[in-house]
Amino acid sequence: MIRTRFAPSPTGYLHIGGARTALFSWAYARRHGGKFVLRIEDTDLERSTAESTQAILDGMAWLGLDYDEGPFYQMQRLARYHEVAEQLLRSGKAYYCYCTKEELDAMREQQRSAGLKPRYDGRWRDSTQTPPPGVKPVVRLKNPQDGVVVFNDLVKGQIAVANGELDDLVLLRGDGVPTYNFGVVIDDLDMNITHVIRGDDHVNNTPRQINILKALGASLPQYAHVPMILGADGERLSKRHGAVSVMQYREDGYLPEALVNYLARLGWSHGDEEIFSREQLVEWFDLSAINRSPAKFNPEKLRWLNQHYLKGADDGRLAALVRPFLEADGCDPAAAPGLPNLASVANLLKERVTTVAELADAAVYFYRSLDPSPELKAQHFTAEAKPGISNLRQKLAVVEWESHAIHDAIKSCATAHGMKLPKVAMPLRVMVTGETQTPSINAVLELLGREETLKRMDEQLENFPNERE
């Protein structure tokens with residue numbers, strides 16, 4: 001059975017790159033009827049936090065990346081790492097190294113001065129000298145000194161690294177905590193991981209990890225290293241490019257299905273398909289279709305996708321998503337029984353926005369009267385428009401409250417006063433919404449209701465100058 005895993009370090013939020021790695025691992029397991037495992041690599045004691053762990057769990061839940069096993073925590077598995085380290089020591093595949101930090105620093109400085117690559121020189125590898133007192137040793141792997149590590153990367157193709165390029169890796173630190181490379185190998189081995197899908201910043205770790213597995217006489221998983229994500233300018237992705245927390249996208253009003261669709265297309269493709277469901281992703285996903293070159297993050301494309309999914313979203317769901325944004329802005333739709341149902345408002349506005357946050361901004365005038373700016377009043381509240389608006393106020397008091405009837409009333413007032421339709425509709429729009437950009441004003445008024453419409457018109461009519469003689 002195919003088994004994949006996502007193994008983040010809880011030293012920060014779940015970012016875009018990590019989320020894509022999780023998505024690819026999840027999709028591959030789902031595609032092949034396998035298992036997807038979540039593991040939290042929390043051995044960085046200084047930087048790992050419970051808040052970061054929760055942020056990772058929250059981000060995966062929001063994206064719908066459900067896992068079959070886990071989360072497993074490395075710090076709860078220390079005894080297992082010590083057990084394997086002892087096994088390697090007994091078999092002569094590992095050894096204790098008593099070098100102090102000062103000795104290692106001096107060693108590397110001498111190598112740099114000689115123009116050499118800084119690396120551990122193996123001085124304790126076969127040493128018979130008496131260990132110095134008071135030094136907590138690390139456990140190092142006896143890395144092979146000749147030969148080549150060769151593996152077939154499922155994205156990059158064959159990769160070969162000479163063992164002579166690798167030094168003797170630390171497996172256990174002096175405090176008994178495993179290094180990244182040791183912990184990840186034992187975890188993958190114990191959890192029967194068959195496919196390691198991760199960012200290509202880990203390519204250099206893979207030969208070291210393979211040598212640990214070989215020292216244990218274990219079979220190797222298959223590796224797939226996914227190219228990194230760059231900003232549109234070709235630079236490494238950073239916050240200024242949009243590389244923020246996955247949960248920040250929720251806070252900014254994106255839908256999870258839009259982000260999943262977008263992340264899937266960052267470095268993977270199925271023909272020319274741009275928009276596809278989670279089910280289609282699972283059906284189509286294969287590692288062979290991952291691009292070898294870095295992907296570029298394009299915020300505008302993400303907004304375009306989000307707009308697509310907003311248009312097709314259920315109105316009740318959108319209402320629930322919009323409500324917190326409105327409440328944060330001081331609007332409480334539930335406290336205004338005479339004002340329109342929020343799902344109806346979402347239905348009217350969702351074609352015009354790209355995020356839930358924009359939808360909330362566009363919905364505010366339904367739940368709070370917005371006073372037009374002085375500039376809008378000066379432009380649209382004119383003496384020429386006042387007679388038509390006053391006449392329209394009278395018609396709207398008695399007309400059937402339905403979009404077409406409202407439109408006909410606006411049109412007939414414009415005709416009766418020798419005005420073009422926008423000369424009446426625009427002042428009306430500004431009076432009622434405080435804005436110039438809305439859906440058709442008759443649709444807005446139908447939702448807003450007769451009572452609220454007339455109330456707002458009455459409040460603004462006094463701002464029109466008197467009719468010219």
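Author: Helix α4 gives the most to the lining of the second largest pocket, with 3 residues; helices (H or I, at least four residues) and strands (E, at least two) are DSSP runs, numbered from the N terminus. This is a predicted model, in which local features need pLDDT of at least 70 and side-chain atom pairs count only at pLDDT 80 or more, while totals for chains, interfaces and linings use all residues. Residues are numbered from 1 along each chain as its sequence is written, and side-chain values use heavy atoms, with hydrogens and water left out.

The second largest pocket holds about 350 Å³ of space. A pocket is an open set of points, on a 1 Å grid over the protein atoms alone, where a 1.4 Å probe fits, with protein on both sides within 12 Å along at least five of seven lines, and lining residues have an atom within 4 Å of a point. Its lining has 19 residues, and Leu 104, Arg 108, Val 138, Arg 140 and Val 170 are the closest to the centre. Two or more lining residues come from each of α4 (101-113) and β5 (138-141). By class, this lining has 9 nonpolar, 2 polar and 8 charged residues, where Ala, Val, Leu, Ile, Met, Phe, Trp, Tyr, Cys and Pro count as nonpolar, Asp, Glu, Lys and Arg as charged, and the others, Gly among them, as polar.

The largest pocket contains about 1100 Å³ of space, and of its 38 lining residues the closest to the centre are His 15, Gly 17, Gly 18, Asp 201 and His 202. The elements giving two or more residues to that lining are β1 (3-6), α1, α5 (180-190) and β9 (195-199), with the largest share, 5 residues, from α1.

Helix α1 (residues 16-31) also packs against α8 (residues 256-264) at an angle of about 85°, with the axes 10 Å apart, and the two are therefore roughly perpendicular to each other (65 to 115 degrees). In this contact (heavy atoms within 4.5 Å), Ile 16, Ala 19, Arg 20, Leu 23 and Phe 24 of α1 meet Leu 259, Val 260, Leu 263 and Ala 264 of α8; by class, 8 of the contact residues are nonpolar, none polar and 1 charged.

Asp 187 lies in helix α5 and Arg 77 in the loop between β3 (69-73) and α3 (78-90), so the pair ties together parts 110 residues apart in sequence.

Technical notes. Axes fitted to C-alpha atoms, helices over the stretch in contact; angles between N-to-C directions. Parallel < 35°, antiparallel > 145°, perpendicular 65-115°, else oblique. Points joined across faces, edges and corners; volume = space filled by probe spheres on them.
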